[in-house]
Amino acid sequence: MKPLKKLFDRYEADFTGSGKYKRLEPLFDATRTFFFLPSPGNTILPFIRDHLDLKRYMSFVLIALVPVLIFGIYNTGYQSGLAAGETHGILNSLLIGAGYVLPIILVSYGVGFFWEILFAVIRKHKISEGFLVTGMLFPLTLPASIPLWQVALGISFGVVIGKEVFGGTGRNILNPALTARAFLFFSYPVSMSGNIWVAGKTTVDGISSATALAVTGMEGQSITKALVDSGFSLSDLFLGFVPGSIGETSALCCLLGAVFLMVTRIGNFRIILGGIAGLVVTSIIFYFIPGGRESWANAGPLYHLSAGGFLFGISFMATDPVSAPGTNPGRWVFGFLIGFLTVTIRVINPAFVEGTMLAILFMNVFAPLLDHGVVKYKASKRIPNV
Amino acid sequence: MEKIKVSKGFTPRLAGKPDYSLITLPDPDTIGVSAMDIPFIRPKLLVKENDRVRTGTPLFCDKRDKSIQYVSPGTGMVKKILFGERRRLQEVVITLDKLDEFIQFDPITGSGTGSGPESSLKSGRGHTLNNISKTALIDRLKQGGLWQSLRQFPAKDTADSSHTPAMIIVSLNGNDIFSPHPGLLLEKEKPAFEFGLEILKKFSNRIIVTARQGSLGRLKTINTLISHLVPDSYPAWDPGVVLYHLKKNIKENTSWCIGAEHLVMMAKFLLTGRFPVKKIVTVTKPGDQKPHFLVHQGMPVKAIAGSLPKDSLITTGQFNGRITNKESHLGFFENTLNIINGNENEELFGFIRPGIDKPSVSHTFLSSLFTNPGQVDGTLHGEIRACINCSYCENICPNDLMPNFIMKALHSDEIEDALEYGLLDCCRCGLCSYACPAKIELTQILSSGMDSHYKDKA
């Protein structure tokens, strides 16, 4: 790759020091380091260093998102076909889905990177890799029918208010992708809730484009029966052939990503397992509370796990190391309470059928408190050395 | 023999382990006494260029305690005195004479043996360890230039002779993973080592002798003297880690430590009255297995390291040594040279390569599926970023610190918080910086935090 290297070397003087485009140095640097990973010599001990760096760290989240993304594209096309009264093949669904999903992703990355670069230029620091993940996670939490200008607005809010005002990646309190989604959710509820989850025109009557979480049973009808009647069988929910946000529908793909993150130890298994445990325990408790047969209280752990964005959220959003606690006991509690809050919000508050987003954001706020408690407790157990 | 359980730490897959044979290198033309590996020293020179010195002549002392002297390990003429930035003393270089002359002290013999050198018995000046006073012993060690082998926690400064430590930790293994094998250091030195332990009993009631599990096989002659075994994962044998895992109360924080080779030197000095001038060193080089070398103290690096590939980095400990160069000399506390490839190569799409030969603590490289040694080089593999709280540093720290939280406390000048989180238990092993994916110099931040706290207190 000599020619590429030469190209960078040739223009380096223009972008650095007192070059013509020195203001764009972060952009040049980001492009260059994307192709050529810098590795300066060590002058400070230890003199050998691990090979893992933040670029690889963040890229691995993107790798974990590949199944979710591909299935999301496919399902968007598939659902859109169903609504139009046709059953598309795999390739056709992928193509149609890509027509809806790719523009959203492009807008998200484009607008987000604009803000990243702007802040990097003004603050004169390097562009952090964290946005690679944010820019992909945010579109996957949106319905495919979202207007693109709202995508642009949402990612702007997420990047600027969710992250950059605090000082950039590593210093944000809330998960930027979820901040962006919450902003859209509360600002433009019309585009973010109700019967909007299928892209394209609906021509077939009786096809609901609401998500499974919006379903409630008739008087006396159990929630599971109602779900099956509305076309939400457990297997469809698990595999993901249902309307919903682009990336959230397939529990299976989310689990694949979660396993990948846990095996490579990029995502902390304590958060993911703690979250699933919290959701299972809480949903079982609600199951045994009398009454509410027709509501989600009675859905049981399997439906709670498979429906909605819980697995997506706990695997990819809650494991964001910056906004999650930095201590291991804190991570267990953090995950568990996300699971608990998700079910609680779903059951108790029908105004917000999707509890995961709010649960994670709420727990993000408490992550420093959890850390504080753990750190202070651990310190109290040490033999003082002052 | 008790076992110390150290659950954290790291066993890197490194190539270049020295083999178990010993080659004696000829005496060099010049030797040097380095001031670079001495902690906190404020050197005051006692010689000038072109002065003649004998083995044992004090070259410089520590301004903070002038009785602590650093002596010449050879006879000859002071050729050069090298200074670094802000005129900090780096090295005193001595041209070696053919004939060795030395400053002779009266020997001190072991206690209870009754077989001390007759000359000293006749003259009435003879001492055994039983009848010499503690102050006289301390003075002798300071005059002989060996007191500084004893170091005091938590900052690992030169031991304060007025202090009685709760325990003294004797480490058989050196700072680096491939430091000289204690079997070679001690197999012929059992009497001296035993005498050394007797000396230490004058200073403290509790003497801990630690060895790596993996070294035990070749320590048959002295394994009755070992009190604690530590696992083979780096840096479990570091005295700081041993202390952290043994200590039960606050008093033990100011324990002392000493390396086995220094203890033997100390013992030999007292037994013979002469400064011992030989030491064993190792050289590690990827793809090359070298023997142990028996060399003169203060040996020039180039005489030990041999030929070097281009862009090599020479260190005296891959994790916790210092960078040295071909022209300098090995310090008193140093007995390993690591030759590391320092080629700053920018790899195309380096961040997403499978990395079969890239060793890593994480599981993000295919190398984690194999056990053969990977490619090690002396570069950073990435760029510095903000801390993302990933806990890699916490998961690797042998002393259960949370380097990320301590780093943040230090950055915000919350020194009290940093101390409460255990800053002073840091053993400076370098693993937190090694593992950090954001490439934050955690060890340096913690280390300078400790040092500035220590200097403030002093």
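This is a predicted model: local features need pLDDT of at least 70, side-chain atom pairs count only at pLDDT 80 or more; totals for chains, interfaces and linings use all residues.
Taken as a whole, the interface brings 64 residues of chain B into contact with 47 residues of chain A. On the chain B side, at least two residues each are supplied by strand 20 (312-315) and strand 23 (347-348), as well as by helix 9 (403-411), helix 10 (415-420), helix 11 (431-435) and helix 12 (442-457). The largest share of this side, three residues, comes from helix 11 of chain B. When the residues of chain B that touch chain A are sorted by class, 27 are nonpolar, 26 are polar and eleven are charged.

Elsewhere in chain B, strand 3, which spans residues 30-34, is mostly covered, with four of its five residues buried. Strand 3 of chain B pairs with strand 9 of chain B (residues 89-96) in the antiparallel sense over five bridges, and in this arrangement Val33(B) stands opposite Val92(B) of strand 9.

In chain A, helix 14, formed by residues 310-317, is likewise mostly covered, and eight of its eight residues are buried. The buried residues of this helix are Phe310(A), Leu311(A), Phe312(A), Gly313(A), Ile314(A), Ser315(A), Phe316(A) and Met317(A).

Definitions and conventions:
Residues are numbered from 1 along each chain as its sequence is written. Chains are lettered from A and ligands numbered from 1 in the order in which they are written. Two residues are in contact if their C-beta atoms, placed from the backbone, lie within 7 Å. Ala, Val, Leu, Ile, Met, Phe, Trp, Tyr, Cys and Pro count as nonpolar, Asp, Glu, Lys and Arg as charged, and the others, Gly among them, as polar. A residue is buried if 20 or more other C-beta atoms lie within 10 Å of its own, exposed if 12 or fewer, and partly exposed in between; C-beta atoms are placed from the backbone. Two strands pair if DSSP finds at least two bridges between them.
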